[in-house]
Amino acid sequence: MRFSGERAVFMGIWALPNANSLDVVKAVRKEMAIIQKDLPTGLQARVAYDATKYISDALHEVVKTLIITL
């Protein structure tokens, strides 16, 4: 596949229905940092799309609303 015009390898990761998506993405990012250290010079490992950004933003808005309400 191609990513930003460069050849790339895609690896999809789906959380199980009973898994906490925020914990899953945290663990994935931790593993990606370890993988990045072992890659040859010039290769990069990164998360191209993180669907949990919506969850984090929504939680932030809920907390913000609760603080304003209180």
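For the helix pair below, I take an axis as a line fitted to C-alpha atoms over the stretch in contact, with angles running from 0 to 180 degrees between N-to-C directions. I note at the outset that this is a predicted model.

**Entry 1: the helix pair.** I looked up how helix 1 and helix 2 are arranged. The axis of helix 2, residues 52-69, comes within 10 Å of that of helix 1, and the two cross at roughly 125°. I therefore record helix 1 and helix 2 as oblique to each other, since an angle over 145 would be needed for roughly antiparallel and 65 to 115 for roughly perpendicular. The crossing is left-handed. From helix 1, I find Ser21, Leu22 and Val25 in the contact; helix 2 supplies Thr52, Ile55, Ser56 and Leu59. I sorted the residues of this contact into 4 nonpolar and 3 polar, with no charged residue.

**Entry 2: Arg29.** I then turned to Arg29, which lies in helix 1, residues 21-38. Its relative accessible area is 37%, so I list Arg29 as partly exposed. Beyond its neighbours within four places in sequence, Arg29 is in contact with Val47 and Asp50. I also checked Ser56, 27 residues away along the chain: its C-alpha atom is 15 Å from that of Arg29.

**Entry 3: the whole chain.** I count 2 helices and 2 strands in the protein chain, in the order β-β-α-α along the sequence. The radius of gyration is 16 Å, well over the 11 Å from the globule rule for 70 residues, so I describe the chain as more spread out than a compact globule. Its C-alpha atoms fill a box of roughly 50 × 25 × 20 Å along the principal axes. Of the 70 residues, 7% are buried.

Methods. Residues numbered from 1 in each chain as written. Predicted model: local features only at pLDDT ≥ 70, side-chain atom pairs only at ≥ 80, totals over all residues. Heavy atoms only, no water. Helix = DSSP H or I, 4+ residues; strand = E, 2+ residues; numbered from the N terminus. Buried < 20%, exposed > 50% of the residue type's maximum accessible area, 1.4 Å probe, protein only. Contact = heavy atoms within 4.5 Å. Parallel < 35°, antiparallel > 145°, perpendicular 65-115°, else oblique. Left-handed = near helix turned anticlockwise from the far one by under 90°. Nonpolar A, V, L, I, M, F, W, Y, C, P; charged D, E, K, R; others polar. Rg over C-alpha atoms; globule rule 2.2 N^0.38 Å.
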